[in-house]
Amino acid sequence: MRTAWRGGRCGVFWALGLSVALVAEAQDQPSRPSLEPLTLHARVREVAPAAKGSGSAPSGATEKILRWGPAQTAIIICDMWNQHWCQGATRRVAELAPAMNQTVAAARAKGILIIHAPSSCMDAYKDHPARRKAQEAPKAANLPEHIGEWCNKIPAEEKGIYPIDQSDGGCDDGPQCPQGSPWKSQIAAIEIRPEDAISDSGAEIWNLLESRGITNVMLMGVHTNMCVLGRPFGLRNLARSGKNVVLVRDLTDTMYNSRKWPYVSHFEGTNRIIEHVEKYVAPTIVSTELTGQPSFRFQPDDRPRAVFLIGEDEYKTEVTLPAFAIKELEPLGVRCTMAIADPKSPHDFPGVESLDDADLLVLSVRRRAPTAEQMAVIRRYIASGKPVVRIRTACHAFDSRGK
């Protein structure tokens, strides 16, 4: 009886200890993912043939339903660095990161693999289990030949014109931003869990995807017109290598200097790159598909805006007025947008739609004949009663005959 009592007591203690251990283990493990299939409403843009010599003409956006299994899907977070050499880029990444973290958490709970790809920052994660996971993925038998290289363009993009100028690095903040590589890690606001992966290598990421049977990839991060499209693990390379890819269009940004062609606001530059992606590279979705919450939007820039409408052949104001704006107005906090007529198309003013958000119009135009749509934008601004500054020949700025 005494022995039996001792055995019973030991049994109670053993059962209690096992229960505690199981609870502790459950707390350490990620929650069981949902395996419900994803239904994604992706946006695409068809490109219809146009008249000879006029390039291609885009049609409107259409919706495409994608049904992806979570276990066959990954998210790649591109270059969400802790710091950028461009101050504006650093600010926008910091604004974007919390919303991205919420989306990533929702995706992780659905069973989607999260791959963090802060390029050139692998030393910060050399001992992280998520880094080892990418390094230890077995080499894929179908490793694409170019998966380790930057991809500047795929054949489909030959049909269109790249929509923004990025020749100067794309920083809106001007020369006060020093060049360099200050990034050391991914921004801390985006959580990295042990079940995630970390890599900036196209080959490692491809091996990881193949070893898990992943055929579907969502790209988010920065910058759309550079790294998100061009990195070895970016949209172009994955698309041309056979993966199903989408861009999460509300969780991205561009490196675009609005002082450059097509002289539109920074966020309009992002919109034009997204349209380019939808036409020639991949569909896009919004984070709502994963979170059920409203899509992310950057805070509007509430600085006063001056729009410079320039089109003349005599006085070189297409050179002098942008220089004046950079030197005299932008240091005062004025956003300056240039709508400059192309010499090859002298009656077209790309960017004139910026007048709908303008506080001042500076007019340096001589005998030009904008389209009816563009004239409607100009008339609407004039009718608003907001100020207009006219220079020299602006007393005869518009001529319906175009002479």
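Is Arg367 buried, exposed or partly exposed? At 33% relative accessibility, Arg367 counts as partly exposed, where buried means under 20% relative accessible area, exposed over 50%, and partly exposed in between (1.4 Å probe, protein chains only).

## Getting started

Welcome to this structure, which is a predicted model: local features need pLDDT of at least 70, side-chain atom pairs count only at pLDDT 80 or more, and totals for chains, interfaces and linings use all residues. Residues are numbered from 1 along each chain as its sequence is written, and side-chain values use heavy atoms, with hydrogens and water left out.

## The protein as a whole

The protein has 10 helices and 12 strands; these are DSSP runs numbered from the N terminus, helices being H or I with at least four residues and strands E with at least two. Of its 403 residues, 46% count as buried. The accessible surface comes to about 20500 Å², and 53% of that belongs to carbon and sulfur atoms. Such areas come from the Shrake-Rupley method with a 1.4 Å probe, and for residues only the protein chains shown count as cover.

Contact means heavy atoms within 4.5 Å. Among contacts between residues at least 6 apart in sequence, 80% join residues at least 24 apart.

## Helix 7

Helix 7 covers residues 266–280. At 1.5 Å a residue, its 15 residues should span 21 Å, and the end C-alpha atoms are 22 Å apart, which agrees. The expected span here is 1.5 Å times one less than the number of residues.

The buried residues of helix 7 are His266, Gly269, Thr270, Ile273, Ile274, His276, Val277, Glu278 and Tyr280. Take His276 as an example: its relative accessibility is 3%, so it counts as buried. Setting aside residues up to four places away in sequence, His276 touches Glu157, Ile161, Tyr162, Pro163 and Val281.

## The largest pocket

Rolling a probe the size of a water molecule over the atoms shows where empty space is left. About 1400 Å³ of space lies in the largest pocket. Of the 48 residues that line this pocket, the closest to its centre are Ser265, His266, Phe267, Glu268 and Asp301. On a 1 Å grid over the protein atoms alone, a pocket is an open set of points where a 1.4 Å probe fits, with protein on both sides within 12 Å along at least five of seven lines, and lining residues have an atom within 4 Å of a point. Grid points are joined across faces, edges and corners, and the volume is the space filled by probe spheres set on the points.

Which element gives the most to the lining of the largest pocket? Helix 7 does, with seven residues. Elements giving two or more residues also include strand 1 (38–48), helix 2 (87–109), strand 7 (244–253) and strand 10 (335–340). The lining divides into 11 nonpolar, 14 polar and 23 charged residues. Here Ala, Val, Leu, Ile, Met, Phe, Trp, Tyr, Cys and Pro count as nonpolar, Asp, Glu, Lys and Arg as charged, and the others, Gly among them, as polar.

Val217 is found in strand 6 (residues 216–222) and is buried, with a relative accessible area of 0%. Beyond its neighbours up to four places away in sequence, Val217 touches Trp68, Ala74, Ile76, Leu209, Leu238, Asn244, Val245 and Val246. Val217 and Trp68 are 149 residues apart along the chain, with their C-alpha atoms separated by 9.8 Å.

Lys64, in strand 2 (residues 57–68), is partly exposed at 42% relative accessibility. Leaving aside neighbours within four places in sequence, Lys64 is in contact with Leu40, His41, Ala42 and Val44.

## Loops worth a look

Arg231 lies in the loop between helix 5 (224–230) and helix 6 (235–240) and counts as buried at 16% relative accessibility. Its contacts, leaving aside neighbours within four places in sequence, include Cys78, Asp79 and Trp81. Asp79 itself is in the loop between strand 3 (73–78) and helix 2 and is buried at 1% relative accessibility.

Asp79 has a positive phi of about 50° although it is not a glycine. Arg367 also has a positive phi of about 50° without being a glycine, and is found in the loop between strand 11 (360–365) and helix 10 (372–383). Finally, a cis peptide bond joins Val222 and His223, with omega about -10°; His223 is in the loop between strand 6 and helix 5.
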